[in-house]
Amino acid sequence: MLLKKIKFWLNFFLKVKIRFRLPIKNEILVFDKESSETNCKVLNIKKYGILHSRKEEFYFPILFNLLLEFKLNILNYYIKYIELSDAKIVITFIDNNFVFYKLKKYFKTKTFISIQNGHRMAYGDIFGLLNKHSKIKNLSADKIFTFNKNIIKEYKKRISSNYQAVGSLKNNYIKIEKSLSKKKTLLFISPFRLIMYKLIK
């Protein structure tokens, strides 16, 4: 058991970037770096901080403080990080990370916004995970922007929020140009992913 713990912490410190300062304060904090650069550009958000949620980096002062208080877990780390960042708005473009929806209840005065970033399904995605973890309660956000109303219906079953269907943020950003060709064509766009095929096979 001791050997496993030593191995775990060695791997942790070798793979993860450790910062020895406190998080920089920003009015806008992005939860999860994935797609943040492109989407912030689309939304014209020029100044923001990033709360990494994929174990890319951790802030040592937060880890040490939580360790002393016997509260060292990932949720408490996120809560402490948000407190120290002093952000007024916390936004995520990874809407299928349900941990994000656990955070709002700790910050009544901060605004939590989630923007759908891809197709959502019951298998291997957030709806399946929410069904699997049915005991998890009090999930919420101030605003959730989705691709369509059908996704809203699914989210509403478990997550309390003000919803709005707006389509894809990235697709909406692309200007529609008039086609010069008058040829009648049919285009098929497949969302096929091998992992999904294996899950439902």
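Predicted model: local features only at pLDDT ≥ 70, side-chain atom pairs only at ≥ 80, totals over all residues.
Residues are numbered from 1 along each chain as its sequence is written; local features need pLDDT of at least 70, side-chain atom pairs count only at pLDDT 80 or more, and totals for chains, interfaces and linings use all residues. Side-chain values use heavy atoms, with hydrogens and water left out.

**Stop 1: the sheet**

Show the cartoon and select strands E3, E2, E5, E6, E7 and E8, which in that order form an open sheet of 6 strands with parallel pairing. Helices (H or I, at least four residues) and strands (E, at least two) are DSSP runs numbered from the N terminus, and two strands pair if DSSP finds at least two bridges between them. E3 and E8 are the edge strands; each has a single partner strand, so one side of each lacks a neighbour in the sheet. From one strand to the next the twist averages 25 degrees.

Next, zoom in on E2 and E3, which pair in the parallel sense over 3 bridges. Select Leu29 and, opposite it, Gly49 in E3.

Contact means heavy atoms within 4.5 Å. Axes are lines fitted to C-alpha atoms, for helices over the stretch in contact, and angles run from 0 to 180 degrees between N-to-C directions. Then select H6, which lies across E7 and E8 and runs at about 175 degrees to E8.

**Stop 2: the nonpolar cores**

Select Leu51, Tyr77, Ile82, Tyr101, Leu103, Tyr155 and Ile159; of the 35 residues in the largest nonpolar core, these touch the most other members. A nonpolar core is a set of buried Ala, Val, Leu, Ile, Met, Phe, Trp, Tyr and Cys residues joined through side-chain atoms within 4.5 Å. Buried means under 20% relative accessible area, exposed over 50%, and partly exposed in between (1.4 Å probe, protein chains only). The largest share of this core, 6 residues, comes from H4.

Keep Tyr101 selected and show its surroundings. Beyond its neighbours within four places in sequence, its contacts include Asp95, Ser114, Ile126, Tyr155 and Ile159.

A second, separate core has 8 residues, among them Val30, Cys40, Ile113 and Leu169.

**Stop 3: the salt bridges**

The structure holds 8 salt bridges. Here a salt bridge is a side-chain nitrogen of Lys or Arg within 4 Å of a carboxyl oxygen of Asp or Glu.

Select Arg19 and Glu57, whose side chains meet in a salt bridge at 3.1 Å, N to O. Arg19 is in strand E1 (residues 17-19) and Glu57 in strand E4 (residues 57-59), so the pair ties together parts 38 residues apart in sequence. Arg19 is partly exposed at 27% relative accessible area, while Glu57 is buried at 9%.

Move to Asp32 and Arg54, which form a salt bridge at 3.0 Å, N to O. Asp32 sits in the loop between strand E2 (28-31) and helix H2 (36-42), and Arg54 in the loop between strand E3 (49-51) and E4, 22 residues apart. Asp32 is buried, with 2% relative accessibility; Arg54 is partly exposed, with 44%.

Last, select Asp95, Arg120 and Asp125, which are linked in a network of salt bridges. The closest N and O atoms of Arg120 and Asp125 are 3.4 Å apart. Arg120 is buried at 14% relative accessible area, and Asp125 is buried at 5%.
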